[in-house]
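Colleague: Please take me through one part of this model in detail. I would like a close look at the place where the ligands sit.

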Amino acid sequence: MKSLFISGTDTDVGKTYVTAGLAVTLRKMGVDVGVMKPFAAGNAQKKGFKSEDVEILANAAQVSDSENLLNPQFFPIAASPYTAWMNLKVKPQINSAISNFKTLSKIHSMVLVEGMGGIMTPILKNYFVVDLIKEMRIPAVLVTRTKVGTVNHTIMTVQMCRNYKIPIKGIIINDFDSDGYKIRELTRDLKSLTQVPILGSIPFIKDMSDTSLYRIFKKNLDLKLLLK
Ligand SMILES: Nc1ncnc2c1ncn2[C@@H]1O[C@H](COP(=O)(O)OP(=O)(O)OP(=O)(O)O)[C@@H](O)[C@H]1O
Ligand SMILES: C[C@H](N)[C@H](N)CCCCCC(=O)O
Ligand SMILES: [Mg+2]
């Protein structure tokens, strides 16, 4: 099965929530699914994984892969890898990200890779998340939210993927904003404006248990299209 890169229109749009839900669902469908967060950043957790994202993903996929394999580089500031490099003088290591992805791809039938921030988050001066996706040679799934402003963000994100010739598997609308567009209208407009398949929408998730995530993702997403 083809691995997928979960990116999105911005930071905090729900990439981790969507990646975790996909990992649980695929695992329960009998897929040996791996996860990866090549670069993570923020306040390091005191126990377990440094990155909370990585902890959520590893738990969802129930993998025993080492932290170094899952997340080869963690920056202890809330910023892009490039900004962390400028501030902390620690250079982002693209090679480790790519070689770890290749290792995980040998261990698991498919790997869900979570990006950081949006599609043009800088990793090096002229190397962005889009370049990482291109180098991994896997399609992207784009997570977007319903908050007004999302149409512009989504069109720009799709356009950048097209400029870099990255295949887009589809868009997943994360419907966790209380005051956003109605799903039916947003689906209609994003479909016609981007010509990218809308794989479905995820509601506000109160319960992150396996049972809850499996029910929500099975019910709301076109998994056939996602895995085609
Ligand atoms: N479907 C949802 N239901 C409930 N809360 C959500 C949902 N999606 C996102 N959130 C809330 O938004 C926060 C940010 O979501 P998430 O961590 O998935 O964003 P992200 O895109 O992975 O961000 P980053 O770029 O930092 O990795 C979550 O901690 C959670 O509080
Ligand atoms: C720290 C945060 N939660 C993300 N992991 C990193 C977000 C990078 C955003 C870069 C930018 O400002 O566009
Ligand atoms: Mg995340």
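Modeller: Start with residue classes: Ala, Val, Leu, Ile, Met, Phe, Trp, Tyr, Cys and Pro count as nonpolar, Asp, Glu, Lys and Arg as charged, and the others, Gly among them, as polar. This is a predicted model, in which local features need pLDDT of at least 70, side-chain atom pairs count only at pLDDT 80 or more, and totals for chains, interfaces and linings use all residues. Residues are numbered from 1 along each chain as its sequence is written, chains are lettered from A and ligands numbered from 1 in the order in which they are written, and side-chain values use heavy atoms, with hydrogens and water left out.

Now ligand 1. Its shell divides into six nonpolar, five polar and five charged residues. A residue is near a molecule if one of its heavy atoms lies within 4 Å of it. Of the 16 residues around ligand 1, T11, K15, T16, N174 and I205 come nearest. Helix α1, residues 15–28, gives the most to this shell, with three residues. A helix here is a DSSP run (H or I, at least four residues), numbered from the N terminus.

T16 is found in helix α1. One of its polar side-chain atoms lies 2.9 Å from an oxygen atom of ligand 1. That is a polar contact (a pair of N or O atoms within 3.5 Å). Y17 uses a polar backbone atom, 3.1 Å from an oxygen atom of the ligand. Taken alone, ligand 1 exposes 620 Å², and the protein buries 78% of that. These areas come from the Shrake-Rupley method with a 1.4 Å probe.

UniProt, in an unreviewed entry, places the feature "binding site" at T16, D53 and E114. They are spread over 99 residues of sequence, yet they cluster in space: the largest C-alpha distance is 8.9 Å. Such annotations may be inferred rather than shown by experiment.

Ligand 2 is surrounded by T11, A41, A78, A79 and S80. Taken alone, ligand 2 exposes 390 Å², of which the protein buries 62%. Its shell has three nonpolar, two polar and no charged residues.

Conventions: Polar contact = N/O pair within 3.5 Å; in protein donor to acceptor, adjacent residues only side chain to side chain. Helix = DSSP H or I, 4+ residues; strand = E, 2+ residues; numbered from the N terminus.
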